[in-house]
Amino acid sequence: MQDVVLALLAKEPSHGYDLRRRLAAALGPLGETLNAGQVYVTLTRLEKAGLVVQEREDAPVRGPRRKVYALTASGQERVAAWLAETTGPRADVTEFHLKLVAAAESGLADPLALVAARRRELIRNLAEAQRAALAHDANSEAGLLLEGVALRLQADLRWLEACERTWAARAPRGKGGGDG
Amino acid sequence: MSRDGLRVRGRSQRRGAKDGPDAGPADRHPGEAAGTALRAVGLSRTYGRGENLVRAVDGVDLDVPAGQTFAVTGPSGCGKSTLLQLFGGLDRPTEGEVWLGGRRVDHLGERALARLRRRAVGFVFQSFHLMDELTAAENVELPALLAGASPRTARRRAAGLLDRVGVADRARHLPSKLSGGQRQRVAIARALVNEPLVVLADEPTGNLDSAATHDVLRLFDELRAAGQTLVVVTHDERVAATADRVVSLRDGALADDIRLGGDGGTGLGTLLGWED
Ligand SMILES: Nc1ncnc2c1ncn2[C@@H]1O[C@H](COP(=O)(O)OP(=O)(O)O)[C@@H](O)[C@H]1O
Ligand SMILES: [Mg+2]
C-alpha cells in the first residue's frame, strides 16, 4: 500500500481523495473494500517517514487551494526502487498490477518492460519446475506437487499475456505494425 | 549389426531400454557436426497486398545450433506456424533466406525441396496428420520408403522407433484405434524415421490432455538429451519451458529471446515457498 500510494504521487502532487479515487479505479471491485481512512493513515505514515510532504496546491481548478501531498527526494528514490525490484515467483497479482498502473501513471517505468522482465523470470521458474516435474512420476506425491507449482506459474504467464495486450494497446506510441 | 540395427542419436533401440535414460556413447549424426542446423536471415512472408497486406513473418533472423531445442511462443496469429513452414520448406519466403545444415534451401526447385524436406526435416503437427488407412507402423515406415529405404530397413526402423516412443504394442493398430497421445507419439516416431537434421513441431500438445502432454514432453526431453535439434512452436508455456531457448514472436517479429537451463534459477525452495 505504501509503495502504491507513493508511486501514484510520482505523477503529480495529489489530494488524499484523488489518490483514493485512482486506487479504486485501478482495483475495481477489490477497491471497494478500501476505505478513505486507510489512504489517510498511509499518507500520515509516509509523511512521518519523510517520504511525502504536504504542500498547498498551486492553482486549483476551482474552489479553495487544498492541501496536497507531494513526494520528497527520498520518496522518489523509494518509488524508483519499488518499480525496479523483481517481485519473486510467488508475488501477488494485485501488487504487480498496481505496479503496472503506477508505472504508467508516473511515467517512471514502461509497463511493457516490467511485463517482459516478469515474463522472463516466470519462464525461468517454470523451466525449473517443469524439469523437476518431468523427472518425477506424474502420479507420485512429488509429481503432484510439482504439477501444482507449474500450473500456477503457467496461470501467471497467461495473465501476463493479457497484461501485455492491454498495456500495449494503451502505450503512448502504439505498438506493433509499421514504424511503431 | 545389432539385432535391432537402428540407432537414433546414440540411443540403442533395444527392447526394454525405455525404462530409463541409458547413457550410451553419443553417436553423431553425419549432418549434425556441431554448427548451425537451421538459420533464418531476414526472413519475411507476407500475404495479400495493399490495404490487406499481412506481415505474417516480418524480418526474422535466427540461428538454431545443432543439438539445441528451441521454442517459439506467442499469441495466436503472431506468425508461428508460418515461420515453421518456412523453416521446413513447406512455404516460401517473400524475402530472406532459410539455411538447413549449411545449405540454402529457399531457392531450391520443387523437387529438390521435396527431397530435402523428406530427408532433413521431420514434422509434427497439432492434429497428428497420420494416414487413417495405414497402421501405426505403416505410417512410420512410409517416409522411410519414400526416401529410398528398403522395405526391410523401413520396417526395422519403424519397429525400433515405435518401441522407443512407447507404443510398440500398438504397431498394428489403425490411428482411429489410438488415443490422442498415442497418435502423437506415432507421429513423432514418423518424424524421426529418416534421422532428420531438425524436427519441427507445430503445437504438438495442442490436442492432448495433461497426461499425454507429459508423455510428449518426456519424449522431447529424451530427444534433447540425445542431441536432436528440435524447434517447437507452442502457445503452451509449459511446453516452451522445456526448451533450451525460448523466443517470442509478436506480429511476425522476434520480441524476446530467453536462454534456459544452467544455473541462475530461483531454486525450487523459493518456488515451493520455503524461503519467504
Ligand atoms: N494462407 C494465408 N493467407 C492469408 N493470411 C494468412 C495465411 N496464413 C496465415 N495468414 C495470416 O498470417 C498471420 C500469421 O498466421 P499463423 O502463422 O498461422 O499464426 P500462428 O500460428 O502464430 O497462430 C495471421 O494474421 C494469419 O491470419
Ligand atoms: Mg499456428
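This briefing describes selected features of a two-chain structure, grouped by topic.

The model is predicted, and every value below was computed from it. Chain A has seven helices and two strands, and of its 180 residues 42% count as buried. Over all chains the structure holds 18 salt bridges and two aromatic pairs. Chain B carries a surface patch of positive charge in which five arginines gather, B:Arg103, B:Arg111, B:Arg115, B:Arg118 and B:Arg119.

**Layout of chain A**

- Read from the N terminus on, the elements of chain A follow the order α-α-α-β-β-α-α-α-α, which includes the seven helices and two strands of this chain.
- A:His136 sits in the loop between α6 (111–134) and α7 of chain A, and with a relative accessibility of 32% A:His136 counts as partly exposed.
- A:His136 and A:Ala150 are 14 residues apart along the chain, and their C-alpha atoms are separated by 13 Å.

**Salt bridges**

- In chain A, A:Glu121 and A:Arg118 form a salt bridge in which the closest N and O atoms are 3.2 Å apart. These two residues are separated by about one helical turn, because they stand three residues apart in helix α6 of chain A.
- Both partners of this bridge fall under the 20% cut-off for buried residues: A:Glu121 is buried with a relative accessible area of 18%, and A:Arg118 is buried with a relative accessible area of 6%.
- Another salt bridge brings together the side chains of B:Arg250 and A:Glu164, at 2.6 Å from N to O. Since B:Arg250 belongs to strand β11 of chain B and A:Glu164 to helix α7 of chain A, this pair joins two chains, and both residues are buried.
- In chain B, B:Arg224 and B:Asp221 form a salt bridge with their closest N and O atoms 3.5 Å apart. They are three residues apart in helix α6 of chain B, so about one helical turn separates them.
- B:Arg224 is partly exposed, with a relative accessible area of 22%, and B:Asp221 is also partly exposed, with a relative accessible area of 27%.
- A network of salt bridges links B:Glu97, B:Arg104 and B:Asp106.

**The positive patch on chain B**

- Helix α2 (residues 110–120) of chain B gives the most to the positive patch, contributing four residues.
- B:Arg103, which is one of the residues of the patch, lies in strand β7 (residues 103–104) of chain B.
- B:Arg103 has a relative accessible area of 41% and is therefore partly exposed.

**Aromatic pairs**

- A pair of aromatic rings is described by the distance of the centres and the angle of the planes.
- Of the two aromatic pairs counted over all chains, one is formed by A:Phe96 and A:Trp159, which are edge-to-face, with 6.1 Å from centre to centre and 75 degrees between the planes.
- This pair links distant parts of the chain, for A:Phe96 lies in helix α5 (residues 93–106) of chain A and A:Trp159 in helix α7 (residues 141–170) of chain A, 63 residues apart.
- A:Phe96 counts as buried at 5% relative accessibility, whereas A:Trp159 counts as partly exposed at 27% relative accessibility.
- In chain B, the rings of B:Phe123 and B:Phe125 have centres 5.8 Å apart and planes at 10 degrees, so this pair is stacked. B:Phe123 is buried, with a relative accessible area of 16%.

**Backbone details in chain B**

- Most residues other than glycine have a negative phi.
- B:Glu203 has a phi near 50 degrees, a positive value in a residue other than glycine. B:Glu203 belongs to the loop between β9 (198–202) and α6 (210–225) of chain B, and at 10% relative accessibility it counts as buried.
- B:Asp251 likewise has a positive phi, near 50 degrees, without being a glycine. B:Asp251 is placed in the loop between β11 (245–250) and β12 (253–259) of chain B, and it is partly exposed, with a relative accessible area of 45%.
- B:Pro143 is part of helix α3 (residues 136–146) of chain B and is buried, with a relative accessible area of 18%.
- The C-alpha atoms of B:Pro143 and B:Glu133 are separated by 15 Å, and the two residues are 10 residues apart along the chain.

Conventions: Residues are numbered from 1 along each chain as its sequence is written. Chains are lettered from A and ligands numbered from 1 in the order in which they are written. This is a predicted model: local features need pLDDT of at least 70, side-chain atom pairs count only at pLDDT 80 or more; totals for chains, interfaces and linings use all residues. Side-chain values use heavy atoms; hydrogens and water are left out. Patches are made of residues with over 30% relative accessible area and no salt bridge: like charges are joined within 9 Å, nonpolar side chains (Val, Leu, Ile, Met, Phe, Trp, Tyr) within 5 Å. Accessible areas come from the Shrake-Rupley method with a 1.4 Å probe; for residues, only the protein chains shown count as cover. A salt bridge is a side-chain nitrogen of Lys or Arg within 4 Å of a carboxyl oxygen of Asp or Glu. Lys and Arg count as positive and Asp and Glu as negative; His and the chain ends are not counted. The place of a charge is taken as NZ of Lys, CZ of Arg, CG of Asp or CD of Glu. Buried means under 20% relative accessible area, exposed over 50%, partly exposed in between (1.4 Å probe, protein chains only). Rings of Phe, Tyr and Trp (its six-membered ring) pair if their centres lie within 6.5 Å; planes under 30 degrees apart count as stacked, over 60 as edge-to-face and the rest as tilted.
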